[in-house]
Amino acid sequence: MATGTIARFVCGRRTKWLVLVLWIAILAVAGPLAGKLSSAERNDNASWLPGSAEATQVSELQQRFVPADLVPAIIVYERTSGITDADRAKAAADGQAIRSVTGVTGEIIGPVPAEDGQALQLIVPIEVDRDGWEKIADVVDEINTVIGTGENGLTVHLTGPAGSAADSAAAFAGVDGTLLYTTLAIVTIILLITYRSPVLWLLPIISAGAALITAQAVVYLLAEYNGLVVNAQSAGILTVLVFGAGTDYALLLVARYREELRRHSDRHEAMMFALHRAGPAIIASAATVAIGMSCLMLAEVNATSGLGPVAAIGVVIALLAMMSLLPALLVICGRWLFWPVRPAYGSAEPTATGMWARMGTRIARRPRAVWIGTAVALGVMSLGLFQLNANGLSQQDSFTTEQPSAAGQEVLARHFPAGEGQPVVVITNAGQVAAVRDAFAATPGISAVGEPVVRDGLALMEGTLTAAADSDEANDTVLAVREAVHAVPGADAKVGGMTAMTLDINEANKHDNRLIIPLVLLVVLAILGVLLRAVVAPLILIATVVLSFAAALGVSVLVFRHVFGFAGEDTAFPLFVFVFLVALGIDYNIFLMTRVREESWQHGTKRGALIGLAATGGVITSAGVVLAGTFAALGSLPLVAFAEIGFAVAFGVLLDTLVVRSVLVTALNLDLGRWMWWPSRLTHVPDEPPGEAPVSPAPAAVSVKAD
């Protein structure tokens with residue numbers, strides 16, 4: 001078999017050193033390239049917007065009217081006792097000084113006084129390039145240096161789209177540092193607890209680190225030379241995914257290797273058998289995740305579709321590292337790595353009488369009552385879905401901590417029309433500009449429409465919203481404007497602007513949810529069918545995963561609303577959580593069921609279910625804790641969307657490993673017995689009484705001397 005050939009090469013007496021040298025060479029090339037990944041990130045509007053959305057088309061057409069993509073920064077000056085002449089002079093002087101800041105381009109509007117006489121505002125256009133918010137953040141920092149924070153009763157705030165972008169840049173600045181170190185710390189602590197060895201934990205960490213560096217290098221090359229869209233979001237998730245999935249595969253391989261060391265005196269031979277037995281399940285699991293992530297490429301939202309190949313690349317390279325570098329390191333170092341609990345040849349397998357063996361025996365007494373009760377409990381947990389509010393987050397609700405732009409937005413809203421500074425943009429054929437302008441201005445929710453600018457047969461107009469640009473009322477106004485201007489014959493009018501962009505992203509996310517969630521289910525079902533060579537087992541496993549997902553989401557929503565106080569969920573939240581939970585969560589079912597299937601040929605399904613649970617329970621639980629910990633690390637970023645994804649995936653993985661896989665699936669195996677494998681030949685293998693099943697020895701095989 002292919003796994004046997006790979007195993008011979010990876011852990012051969014001489015070829016193991018060749019594997020190590022090969023990885024050192026790969027890292028020597030990949031290291032410098034991985035360091036350039038952040039320079040290839042695209043955090044401009046195009047990297048987040050749906051490619052075919054109306055707001056995207058408007059953003060592209062706007063470039064005919066202005067030399068670059070512009071984002072406004074709004075500087076608001078407030079004195080509650082009334083603006084003075086000195087305040088007006090300061091604002092005017094600031095406007096002049098800001099003109100010299102690199103990145104500020106076009107006409108600065110203001111100082112514009114508020115009707116209540118208590119505030120002034122400047123609207124400063126900032127040029128945006130491929131660097132997106134990173135460039136904006138640098139410009140905003142320079143502007144803040146110029147304007148200061150005010151004194152003698154005058155307060156000064158910078159807000160608007162540019163202020164929000166700068167806050168986002170500061171939040172995502174933790175992706176490369178904080179997130180990586182948090183993930184490393186979590187994985188290290190869990191591995192130390194799992195292995196109870198002062199040395200062994202290093203090898204999975206080294207292998208996962210090598211996989212991450214290599215994956216980042218590959219992603220950089222594809223982004224720089226093949227047009228792959230990478231942004232801060234996908235780069236952050238790549239780190240978590242490689243460490244989480246890679247460490248999972250490492251735990252499963254090391255557990256099977258330790259098991260084989262008790263059966264083989266030669267560690268090279270033990271690793272060959274470990275790779276041969278565990279390899280197919282690990283490869284199938286990685287393929288499930290990679291293919292599931294690749295389904296994201298069909299998404300309309302560019303940020304989501306770009307995440308698909310980035311995540312798939314990360315998982316595939318993590319698999320390669322754990323199936324080559326890690327085994328080579330393990331056999332090079334020898335049994336002493338497991339000190340102080342070395343798996344001596346001929347020693348008893350501890351999982352035979354462990355916690356999971358005892359739990360399986362208890363489940364076997366009344367399996368039907370157990371799986372029905374567990375399913376009902378999960379169904380009750382799913383009721384929290386009725387409070388799911390995945391309609392998007394306002395800028396103010398997008399952060400877990402108070403942000404400067406949010407404070408400025410509150411001041412701006414007290415004194416100026418809520419939508420000022422973030423206009424609705426309409427572009428139409430110049431011949432119908434008058435009719436379109438009339439329809440635009442007559443739309444409820446639009447307080448004023450500026451004079452049209454005509455160029456190259458097109459006309460551009462901007463309208464001021466009466467509601468805050470990120471509010472539901474503003475979204476309704478944009479929809480009303482589109483209906484009004486689309487109705488003008490021959491105008492070919494299109495509506496964009498910041499509010500329209502957010503609206504189109506949210507609508508595209510909802511479309512992606514409807515398309516990709518069923519597709520991932522079908523893909524996973526097909527992979528399970530091929531792997532288990534059955535119909536009933538894959539259908540049941542998919543049902544348990546969906547129930548687990550619903551329960552995890554239901555509980556998470558209740559926690560978000562009543563513990564964390566989050567206002568709602570991002571529209572992409574259900575899709576991301578579903579893909580991660582289903583693609584990654586199905587791993588544990590694959591690891592369990594392939595072992596159950598292996599044992600069922602000798603003992604029947606019911607006894608095989610107990611052996612499989614006893615043999616895999618501990619390592620799968622450890623793997624689940626590691627994966628949950630890595631995703632929980634997303635909470636280290638001050639972003640509500642990341643915190644929600646991190647919590648929901650972490651909770652869902654723990655629920656899957658501790659309850660769904662260990663209790664629900666095991667109970668179903670025990671209740672249905674051999675019919676789980678219908679229509680395969682395994683259906684005809686009679687079931688032995690479950691009993692107190694010890695962990696069986698590995699299937700008889702001819703021992704092959706290592707190279």
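Where is the place of Pro679? In this predicted model, Pro679 is situated in the segment after helix H22 (640-672). The peptide bond leading from Trp678 to Pro679 is cis, with omega near 5 degrees.

Two further backbone features concern phi. Most residues other than glycine have a negative phi, and most peptide bonds are trans. Asn152 has a positive phi, near 55 degrees, and is a residue other than glycine. The loop between helix H6 (133-147) and strand E4 (155-159) contains Asn152. Because its relative accessibility is 67%, above the 50% cut-off, Asn152 counts as exposed. Asp492, likewise not a glycine, has a positive phi of about 50 degrees. Asp492 belongs to the loop between helix H17 (472-486) and E9, and its relative accessible area of 52% places Asp492 in the exposed class.

Strand E9 (residues 494-496) is in turn paired with strand E5: three bridges join the two, which run antiparallel. Within this pairing, Val426 has Val495 of E9 as its bridge partner. E5 (residues 424-429) is also joined to strand E8 (residues 458-465), here by six bridges and again in an antiparallel arrangement. Ile427 stands opposite Leu460 in E8. Strand E5 is mostly covered, with five of its six residues buried.

Helical packing is illustrated by H20 and H21. Two packed helices are described by the angle between their axes and the distance between the axes. For helix H20 (residues 573-603) and helix H21 (residues 605-632), the axes come within 8 Å and cross at roughly 155 degrees. This angle is over 145 degrees, and H20 and H21 are therefore roughly antiparallel to each other. The crossing of H20 and H21 is right-handed. The contact of H20 with H21 comprises, by class, 14 nonpolar, seven polar and three charged residues. Helix H21 itself bends by about 45 degrees at Thr616. H21 is mostly covered, since 24 of its 28 residues are buried.

A buried loop position is provided by Ala114, found between strand E2 (109-113) and strand E3 (119-128). With a relative accessibility of 8%, which is under the 20% cut-off, Ala114 counts as buried. Ala114 and Ala500 are 386 residues apart along the chain, and their C-alpha atoms are separated by 26 Å.

How values were computed:
Residues numbered from 1 in each chain as written. Predicted model: local features only at pLDDT ≥ 70, side-chain atom pairs only at ≥ 80, totals over all residues. Heavy atoms only, no water. Axes fitted to C-alpha atoms, helices over the stretch in contact; angles between N-to-C directions. Helix = DSSP H or I, 4+ residues; strand = E, 2+ residues; numbered from the N terminus. Parallel < 35°, antiparallel > 145°, perpendicular 65-115°, else oblique. Left-handed = near helix turned anticlockwise from the far one by under 90°. Nonpolar A, V, L, I, M, F, W, Y, C, P; charged D, E, K, R; others polar. Buried < 20%, exposed > 50% of the residue type's maximum accessible area, 1.4 Å probe, protein only. Pairing = 2+ DSSP bridges. Bend = angle between axes of the 7 residues up to and from the residue.
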